[in-house]
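Subject: Structure handover

Hello,

Please find the structure below. My notes on what was found in it follow.

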Amino acid sequence: MTMLWGSLYGSGISMTHAAAGEARSAASDAQFNARQIAARLDRALLTCQAMWELMHDKLGITEEELVAKITEIDMRDGVMDGRSRPQATTCPQCNRAVAARFDKCMYCGTPVKKDMFA
Ligand SMILES: [Zn+2]
């Protein structure tokens, strides 16, 4: 009985160590992905700031106009939530809805204008 218990106990510890190793690996992957996303976000914000400063300096666009445009885009889906959700388009051939991320109708293959921000 003691040997059986010892064997079961030992295999349980091995399984626990394996699970802990998998959890560490998954956590490490998640940290790597989070760092990559943060770096991409930093670049996107830098680009956005550069574009805004160029538009303000060269075109005279005011901050109030920028905020009004942000609000208008945010409200296109009817919800003021700080996000932009690309709207589906309608296929000119079969009149079915086509998700904004596609450049062709998934039903009939007709090319549609893809939303560049989808
Ligand atoms: Zn179609």
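The radius of gyration used here is taken over C-alpha atoms, and the globule rule is 2.2 Å times the number of residues to the power 0.38. By that rule a compact globule of 118 residues would come out near 13 Å, but the protein chain has 26 Å. Along its principal axes, the C-alpha trace spans about 80 × 45 × 25 Å.

Two points on conventions. Residue numbers start from 1 along each chain, following the sequence as written. The model is predicted, so local features need pLDDT of at least 70 and side-chain atom pairs count only at pLDDT 80 or more, while totals for chains, interfaces and linings use all residues.

Confidence first. pLDDT is the predictor's confidence in each residue, from 0 to 100. Its mean over the protein chain is 91, and 96% of the residues reach 70 or more.

Next, the layout. Helices (H or I, at least four residues) and strands (E, at least two) are DSSP runs, numbered from the N terminus. The protein chain has 2 helices and 2 strands, and along the sequence they follow the pattern α-α-β-β. The chain is divided into domain 1 (2–85) and domain 2 (86–118); such bounds come from an automatic or database domain assignment. The C-alpha centres of the two domains lie 28 Å apart.

Burial and contacts are as follows. A residue is called buried if 20 or more other C-beta atoms lie within 10 Å of its own, exposed if 12 or fewer, and partly exposed in between, with C-beta atoms placed from the backbone. Buried residues make up 3% of the 118 residues. Two residues are in contact if their C-beta atoms, again placed from the backbone, lie within 7 Å. Of the contacts between residues at least 6 apart in sequence, 9% join residues at least 24 apart.

Helix 2 is hardly covered: the count of buried residues among its 12 residues is 0. From its first C-alpha to its last, helix 2 reaches 16 Å, close to the 16 Å expected at 1.5 Å a residue. The expected span is 1.5 Å times one less than the number of residues in the helix.

Some individual residues:

- Methionine 51 lies in helix 1. Methionine 51 counts as exposed because it has 10 C-beta neighbours inside 10 Å. Its C-alpha atom is separated by 21 Å from that of isoleucine 37, 14 residues apart along the chain.
- Alanine 26 is also found in helix 1, and counts as exposed with 10 C-beta neighbours inside 10 Å. Alanine 26 and isoleucine 70 are 44 residues apart in sequence and 37 Å apart in space, C-alpha to C-alpha.
- Arginine 83 lies in the loop between helix 2 and strand 1. Why is arginine 83 exposed? Because 9 other C-beta atoms lie within 10 Å of arginine 83. From arginine 83 to alanine 26 is 29 Å, C-alpha to C-alpha, and the two are 57 residues apart in sequence.
- Asparagine 95 sits in the loop between strand 1 (89–90) and strand 2 (97–98). Although asparagine 95 is not a glycine, it has a positive phi of about 65°. Asparagine 95 is exposed, with 10 other C-beta atoms within 10 Å.

Regards
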